[in-house]
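Subject: Structure for your files

Dear colleague,

Here is the structure I said I would pass on.

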Amino acid sequence: MKYNTIGDHIIWTDVGFGNSVAINLGEKVFVVDSTKSWKLASEWRTDIEEYFEKPVNGLILTHHHSDHIFGNQVFSDVPIIACSDIRTMMKGFQEGYWAKIDEEERKEWENEGYEIKKLQFTNPTICFENRLQLFGPKSLELIQVDGHTTGSTYLWQVDTKTLIAGDLVFNKSGPYGADESCNILVWQKAIEDLINLKPEIVVSGHGPVATIQDLQEINEFFLNSIAFIRMKLENGKTLEEIAADPDFPDYYYQDRQERKERSIKNWIQFLQNNS
Ligand SMILES: [Zn+2]
């Protein structure tokens, strides 16, 4: 499988749509997010274990979205670690949307490469509230901040100043903000927190590795979007009018205008209800 390396402690891949990362902490190797399918995850795990010449010791989840967790079953023999809110969101998805999908929707998922025929939902086995620190020769902090979704968590390795941001960072790729639990205000503040860490390495949830300048550019997009929506709402504009406004700030949505529109509409609705 095609993957990228950073220093001697990180390998990551974007093959499974959402980026998946493996971090070597000295004695232990953790995988962060499991790609969109068990097939890819299985290949990926083999690559990780060959690269670090060590078995994988655990899987950590940054949030509940399908492109980050549909490969979980490949890691059912090791601890799967996530904050309690991620487990709640995963169960909500399984018992809500997934319990009701029809044949046509199944086909769509299959066509998009999610390999759902042999999918076995595999939920976190170790949960924490807000924050967890894994100790070892090198420590790893897991910090829940929400924003992109309820439960969104980033990982911080202090010695190497490595940030694994999950979908809090879409780098050079339009952020997906259409999740029901998305809170654009909290998300923007989370990006400021990430900047304040002064990371030297930033592995994003989608797109290439980021720099602090990239984070600042993303932060500006969020600040501009919030200000734009608030100004238009104050001027009495409707959700549809704001979403269709050609002056709405852009950030690498390019050919994904449908994603942009769904995200913007969700943010407008949120700011209408939380002004
Ligand atoms: Zn996501």
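Predicted model: local features only at pLDDT ≥ 70, side-chain atom pairs only at ≥ 80, totals over all residues.

Overall fold

The chain holds eight helices and 12 strands. Its radius of gyration is 19 Å, close to the 19 Å given by the globule rule for 275 residues, so the chain is as compact as a globular protein of that length. Along the principal axes, the C-alpha atoms occupy a box of roughly 60 × 45 × 35 Å.

Five strands form an open sheet in the order 8-9-10-11-12, and the pairing is mixed. The edges are taken by strand 8 (131-134) and strand 12 (201-203); each has a single partner strand, so one side of each lacks a neighbour in the sheet. From one strand to the next, the twist averages 15 degrees. Leu 134 is found opposite Leu 140 of strand 9.

Helix 5 against helix 6

The axes of helix 5 (residues 184-196) and helix 6 come within 10 Å and cross at roughly 155 degrees. An angle over 145 degrees counts as roughly antiparallel, and therefore helix 5 and helix 6 are described that way. Their crossing is left-handed. On the helix 5 side, the contact residues are Ile 184, Leu 185, Trp 187, Gln 188, Ile 191, Glu 192, Leu 194 and Ile 195; helix 6 meets them with Ile 212, Leu 215, Gln 216, Ile 218, Asn 219, Phe 222, Leu 223 and Ile 226. By class, this contact between helix 5 and helix 6 has 12 nonpolar residues, three polar and one charged.

Helix 6 against helix 8

Helix 6 (residues 212-234) also packs with helix 8 (residues 257-273), at an angle of about 60 degrees and with the axes 10 Å apart. That angle makes helix 6 oblique to helix 8. The crossing of this pair is right-handed. Helix 6 contributes Ser 225, Ile 229, Arg 230 and Leu 233, which meet Trp 267, Ile 268, Leu 271 and Gln 272 of helix 8. The residues in this contact of helix 6 with helix 8 are five nonpolar, two polar and one charged.

Regards

Technical notes. Residues numbered from 1 in each chain as written. Axes fitted to C-alpha atoms, helices over the stretch in contact; angles between N-to-C directions. Helix = DSSP H or I, 4+ residues; strand = E, 2+ residues; numbered from the N terminus. Parallel < 35°, antiparallel > 145°, perpendicular 65-115°, else oblique. Left-handed = near helix turned anticlockwise from the far one by under 90°. Contact = placed C-beta atoms within 7 Å. Nonpolar A, V, L, I, M, F, W, Y, C, P; charged D, E, K, R; others polar. Pairing = 2+ DSSP bridges. Rg over C-alpha atoms; globule rule 2.2 N^0.38 Å.
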